[in-house]
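Keep the 3D view open as you read.

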Amino acid sequence: MHWYPGLAVILLSVLSLAPAIAAEGPATVLITGANRGIGYELARQYAGKGWTVIATARSPRDAADLKKLAAENPKVRIEKLDVTSDRSVKALAARYKGKPIDVLINNAGILGNIDAQKYGGYDFDTFDDIMAVNWKGPMRMVEAFMDNVAASQQKKIMNISSAVGSIEMTFPGQVFYRSSKAALNMAMRTLSKEVKRDPDPARKALIFGLINPGIVDTGFSKKLPIPMITAQESAAKVIVVIESYTPDKSGAFFDYKGTKIPW
Ligand SMILES: NC(=O)c1ccc[n+]([C@@H]2O[C@H](COP(=O)([O-])OP(=O)(O)OC[C@H]3O[C@@H](n4cnc5c(N)ncnc54)[C@H](OP(=O)(O)O)[C@@H]3O)[C@@H](O)[C@H]2O)c1
């Protein structure tokens with residue numbers, strides 16, 4: 001057999017490219033609250049990119065759009081998940097034990113009853129309900145899935161926050177909701193620092209993100225007399241921001257347009 005130096009060059013360049021190709025190839029994303037709104041659009045668009053999508057819903061039986069998406073795309077897996085339930089989160093984590101998840105998106109969130117968070121008439125049970133979904137939910141997901149994310153190539157824990165959680169940009173109203181998002185921001189930023197002390201190098205490399213998706217016409221903020229963007233536009237831009245999260249940006253807070261938001 002003859003050995004051609006040209007062949008060696010080609011082989012070497014292919015081998016040296018291999019890790020880069022693997023890192024950019026389709027990956028796995030887990031999305032909470034993927035049955036409607038921004039979460040559904042994120043699921044649909046990641047599926048369109050060829051990713052494996054673990055699309056979670058509190059009630060998969062009622063998730064008609066998601067079921068249609070999964071029927072058309074075998075890489076979309078619908079899983080039952082209520083982020084307020086320890087048992088539910090642990091059951092899902094047990095099913096995926098040892099499986100790498102490149103991007104975890106903590107999207108599920110509630111605004112809560114606006115009248116129950118009005119100045120002078122606070123209903124504190126409503127505050128607990130909002131915190132259970134918007135703060136405890138993402139924290140519970142991080143505890144349960146951080147090693148799946150750490151075992152992946154991209155290692156990203158991304159959180160759909162809100163600009164109304166910015167203390168610098170505060171205006172009156174929605175005090176429970178905005179407090180829950182400010183608390184989420186603080187928690188994820190703290191985690192971004194805490195993992196740096198973890199002796200496990202894979203956990204140390206986790207990247208935490210906080211993203212404001214814009215004012216999105218999902219029915220979330222009903223009857224707001226302000227211009228809104230569609231869930232399609234929001235999700236497309238949020239995905240670009242997620243892609244832009246590099247280790248040096250871990251713990252930072254960005255707008256869906258990629259602009260940094262003041263704390
Ligand atoms: N829309 C906006 O203008 C806007 C602005 C800033 C930030 N955000 C944030 O963006 C995220 C998505 O909002 P969206 O507009 O898409 O809202 P949405 O259309 O109301 O969807 C919310 C999603 O969260 C799920 N969810 C609620 N409680 C849950 C729980 N206990 N466990 C698991 N899932 C739960 C819902 O599931 P069910 O169908 O079962 O209720 C639904 O899938 C939220 O975190 C929100 O705070 C939205």
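Before we start, a word on the model: it is predicted, so local features need pLDDT of at least 70 and side-chain atom pairs count only at pLDDT 80 or more, while totals for chains, interfaces and linings use all residues. Residues are numbered from 1 along each chain as its sequence is written, and side-chain values use heavy atoms, with hydrogens and water left out.

Begin with helix α2 (37-48). Names like this come from DSSP runs numbered from the N terminus: helices are H or I runs of at least four residues, and strands are E runs of at least two. Alongside helix α3 (residues 64-72), α2 packs at an angle of about 5°, with the axes 11 Å apart. Here axes are lines fitted to C-alpha atoms, for helices over the stretch in contact, and angles run from 0 to 180 degrees between N-to-C directions. Angles under 35 degrees count as roughly parallel, over 145 as roughly antiparallel, 65 to 115 as roughly perpendicular and the rest as oblique; α2 and α3 are therefore roughly parallel to each other. In this contact (heavy atoms within 4.5 Å), Y40, A43 and R44 of α2 meet D65, L66 and L69 of α3.

The axes of α2 and α8 come within 8 Å and cross at roughly 65°.

Now find helix α5 (residues 124-150) and helix α6 (residues 175-194), which pack at about 25° with axes 9 Å apart. That angle makes α5 roughly parallel to α6. The contact includes F127, W135 and M139 of α5, along with Y177, L184 and L191 of α6. By class, it has 15 nonpolar, four polar and one charged residues.

What about empty space? Rolling a probe the size of a water molecule over the atoms shows where it is left. On a 1 Å grid over the protein atoms alone, a cavity is a set of points where a 1.4 Å probe fits but cannot get out; a pocket is an open set with protein on both sides within 12 Å along at least five of seven lines, and lining residues have an atom within 4 Å of a point.

The largest pocket holds about 1300 Å³ of space. Of its 50 lining residues, the closest to its centre are G109, I110, Y177, T218 and F220. Helix α2 gives the most to this lining, with three residues.

The largest cavity has a volume of about 40 Å³. Volume here is the space filled by probe spheres set on the points, with grid points joined across faces, edges and corners. Its lining includes Y46, W51 and I239.

Technical notes: Nonpolar A, V, L, I, M, F, W, Y, C, P; charged D, E, K, R; others polar.
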